Amino acid sequence: MNIPTATYRIQFRNGMTFDRAAALVPYLKQLGISHLYASPIFSATAESTHGYDVTDVNQIEPSIGGREGFDRMAAALKAAGLGLILDIVPNHMAASLENPWWRDVIEHGEQSRYARYFDIDWSRRLTLPFLGDTFEAVLAKGEISVKRDPQTGKPALAYFDNFYPLKPETWQDREEAVLALRDAAQIAELHDQQPWRLISWRDAPNDLSYRRFFEVTGLVGVRVEDKEVFDAAHQLILELVHSGAVQGLRVDHVDGLADPRGYLEQLRQAAGPDCYLTVEKILGDNEQLPDEWPVSGTTGYEFMAALANLLVDSDRLSGLRKAYQAVIGKTVDMKAELRAAKLLMANRNFAGEFNRLQQLALKIADTEGVPQPEAELKNALRELLVAFPVYRTYGTPQGLTPADTALLQQVVSEVSASDHAPDTQALDFLTRILRAEVTDSARDDATQFRTRFQQLTGPLMAKSVEDTLFFRQHMALALNEVGAEPLTRHFSLDQFHAEMQARREHQPDALSGTSTHDTKRGEDARARLYTLTEAPQRWAECVSRWREMNKDHVVRLKDGPAPEPAVEWMLYEALAGVWPTTLQPQDADGLAALEARFVVYVEKALREAKLRTDWADNNDAYEEAVLSYARHLLAPANSAFLSDFCPSLQPFMRAGLVNSLTQTVVKLTAPGVPDIYQGSEALDFSLVDPDNRREPDFDALAAMLNAPQHDGSEAHWLRGQVNQQAIVTLLALRQQQPELFRHGDYLALSARGEQQDKVLAFARTHQDQAVIVIVSRRVFNALPENLDQPPAARWADTVIALPATLGNRRYQDQLSGKTLNAGDQLPLTELASHWCAVLVAQ
């Protein structure tokens with residue numbers, strides 16, 4: 001199999017084309033990348049900025065170069081010896097008139113050849129939730145009319161720039177009469193004759209007739225579990241694989257599929273044994289990918305979460321929590337907060353999906369001759385969904401796997417013992433459905449229930465945690481990340497080592513990501529914000545001082561102050577994370593550029609929290625008050641605050657730069673395939689999307705790669721050149737010793753001495769090859785005047801104990817060039833002149 005040694009993710013669209021990507025190949029080659037990792041390249045909606053809203057899976061997007069441009073890029077990659085990994089989207093497509101399959105379904109309804117391609121409930125008319133109000137209301141306003149579709153010339157119901165095709169039988173033989181319809185009642189009658197009905201976007205959560213991606217009504221589920229659909233949806237993808245242009249595939253949102261294992265087995269068979277396959281999958285605490293899946297692993301969110309064990313100061317984390325709770329004036333019960341977020345999602349945002357499950361369960365109960373009281377069944381179903389601790393199980397028509405059966409039993413036991421325990425009979429009945437313990441007459445409905453249940457637990461978890469809870473709780477924003485555990489936990493080096501050993505055992509070829517197009521903030525923003533856990537009292541004093549400085553800009557509204565204390569804390573912490581390393585208070589242009597990005601983030605953060613405003617119901621007065629406060633923070637006239645904020649941030653910033661180097665070195669040497677998100681080879685302080693999808697300055701990155709690094713100042717730290725050079729050095733090492741990093745054992749090494757908590761050490765060994773990795777941590781209180789001169793005292797009287805396989809050997813540090821002889825232990829004073837060391841056995 002073609003296993004990468006390192007991947008580089010590029011976001012196409014927004015100006016990035018195949019020809020521009022081809023021009024980057026020499027830079028990627030010099031950096032040490034083995035595979036370009038491309039965002040979706042297939043035709044998507046006209047305004048798409050990301051490509052996940054695919055309209056034609058068998059056409060390459062013309063706006064980024066089309067097939068000819070793709071072929072030129074593929075040729076450039078091949079000539080340089082680089083491979084290509086494509087991000088594919090089997091779970092959904094755009095529910096857009098630009099999608100010819102979807103358009104055909106609208107026009108012909110259940111008789112369309114594509115009617116079974118999409119996950120549609122054909123027991124009722126197809127709902128199209130794209131109106132600004134109810135159909136009756138927009139019709140009364142004259143916003144709906146009958147016009148010719150400018151593309152096809154056929155009669156259509158027109159709503160602004162959208163032309164919804166009419167079923168041929170409803171206008172053929174009377175075309176002109178239909179086009180002449182002006183009376184609202186007649187137009188309504190024509191609408192009623194269609195296999196679809198237009199509804200308000202606000203009604204989608206309760207009244208949607210098709211499976212959607214999360215809450216996005218513009219993305220409709222695709223039934224790739226059907227072989228005809230699979231073949232049609234993968235025709236071009238497989239052609240590109242078999243032609244040799246593509247060496248790997250990344251499967252988007254695998255948990256959305258009806259049968260992930262079945263799909264992956266079909267994909268593996270179709271793509272062949274040499275195609276590198278990874279899946280986007282969020283793993284829960286101590287969860288592993290099913291061993292039966294024929295993939296190399298995940299895209300690496302669990303690796304990102306594991307780094308918190310290395311960089312969070314657990315000894316002082318409680319101090320940060322106390323400081324935050326003092327500001328907001330209450331103790332935070334994260335378990336209760338998580339439950340509240342999940343209940344909101346189940347009761348409101350996914351009400352339609354929940355109701356469909358409930359109706360299925362009631363139908364099965366009647367079929368089985370054990371009618372269930374509706375209220376009790378509804379409550380039991382809700383509690384079961386809310387209590388689910390992972391994204392999903394992987395049951396099939398035959399039932400659940402033994403592992404999933406055990407998980408279900410654990411969840412049921414916890415639900416039964418909770419303060420919210422539902423009716424026992426109703427809970428037992430739902431359990432029997434999930435375990436396929438039903439009669440043959442109910443088996444098909446039970447299979448559908450199990451599939452729908454499994455397709456709902458993932459979106460429910462994601463939207464509750466990542467897109468609600470993490471925007472409500474602001475104590476440590478670095479911990480509010482995709483794939484992170486929401487409940488309070490302890491962070492330790494032992495846990496980090498355990499997770500890396502499990503990674504080596506279960507998915508050594510998985511991607512190890514630290515930034516993606518979906519992360520809540522860039523990897524270097526997290527690295528900086530981790531340092532707040534090292535100096536919580538200092539941070540709390542800063543926040544208190546800044547709140548006092550800006551208190552006159554807090555607006556008193558009827559529903560409370562805006563911003564409220566929790567949001568004030570969030571604003572200061574988010575600003576600390578995104579603040580550019582070289583931005584100064586007097587730089588008006590720099591402040592304006594940052595403000596433009598920051599206010600977009602703040603608006604999204606407020607709406608995702610769903611507390612005082614929401615995407616579905618904006619609180620304009622509240623939003624404007626908070627946004628005005630945020631703008632004030634970055635106003636050049638607010639010089640007193642800015643002149644305090646910038647210098648106060650410096651120790652957190654500088655300690656964060658060391659953390660950035662640490663996580664870079666670990667990513668490049670720990671089990672897994674290092675994945676570098678565009679631009680993060682230097683410094684990535686981005687905020688949540690769309691900020692994290694901005695194109696980096698590739699010309700500057702390429703120039704920096706060949707520029708002198710040291711000039712006596714910290715400039716090379718501030719621009720990320722230190723990280724970039726470490727990447728070049730260590731990716732070259734991975735290419736020289738690929739078997740060591742792919743198959744090598746992971747050995748946790750113990751530090752002993754006064755500063756043992758300030759270092760992480762591990763080794764990778766394979767046959768006679770060995771590398772020892774030593775990195776700094778918790779450096780906030782050991783910062784030198786110049787980051788190029790780490791204080792030797794930080795590792796004083798501290799040694800690394802070496803096992804026999806590593807002891808009594810000669811090593812060379814790849815980062816400094818220094819050589820040293822090691823006995824049965826390694827005194828860290830010999831390495832104290834650098835923050836990190838990667839010692840290769842000679």
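These legends accompany close-up views of one predicted model.

The model is predicted, so local features need pLDDT of at least 70 and side-chain atom pairs count only at pLDDT 80 or more, while totals for chains, interfaces and linings use all residues. Residues are numbered from 1 along each chain as its sequence is written, and side-chain values use heavy atoms, with hydrogens and water left out.

**View 1. The whole protein chain.**
The protein chain holds 30 helices and 29 strands. Both are DSSP runs numbered from the N terminus: helices are H or I with at least four residues, strands are E with at least two. Along the principal axes, the C-alpha atoms fill a box of roughly 90 × 65 × 60 Å. The radius of gyration is 28 Å, in agreement with the value near 28 Å for a compact globule of 842 residues. That radius is taken over C-alpha atoms, and the globule rule is 2.2 Å times the number of residues to the power 0.38.

Of the 842 residues, 62% are buried. Buried means under 20% relative accessible area, exposed over 50%, and partly exposed in between (1.4 Å probe, protein chains only). The accessible surface comes to about 31,500 Å², and carbon and sulfur atoms own 48% of this area. Areas come from the Shrake-Rupley method with a 1.4 Å probe; for residues, only the protein chains shown count as cover. Among contacts with a separation of 6 or more, 75% link residues 24 or more positions apart. A contact means heavy atoms within 4.5 Å. The chain carries 84 positive and 115 negative charges, and their mean positions are 1 Å apart. Lys and Arg count as positive, Asp and Glu as negative; His and the chain ends are not counted. Each charge is placed at NZ of Lys, CZ of Arg, CG of Asp or CD of Glu.

**View 2. An open sheet of three strands.**
The strand order is β6-β13-β12, and the pairing is antiparallel. Two strands pair if DSSP finds at least two bridges between them. Two bridges join β12 to β13 (residues 216–221) in the antiparallel sense. Strands of a sheet pair through backbone hydrogen bonds, either parallel or antiparallel.

**View 3. R452 in helix α19.**
R452 sits in α19 (residues 443–465). The residue is buried, at 15% relative accessible area. R452 touches D119, R211, R356, L357 and L360, leaving aside residues up to four places away in sequence.

**View 4. Two cis peptide bonds.**
The bond from A562 to P563 is cis, with omega near 0°. P563 belongs to the loop between β19 (560–562) and α23 (565–578). A cis bond also joins D689 and P690, with omega about 15°. P690 is in the loop between β20 (673–677) and α27 (698–705).

F160 is not a glycine, yet has a positive phi of about 55°. F160 lies in the loop between β9 (155–159) and β10 (162–165). F160 is exposed, with a relative accessible area of 56%. K610, likewise a residue other than glycine, has phi near 60°. Its loop runs between α24 (588–609) and α25 (620–633). K610 counts as buried, at 10% relative accessibility.
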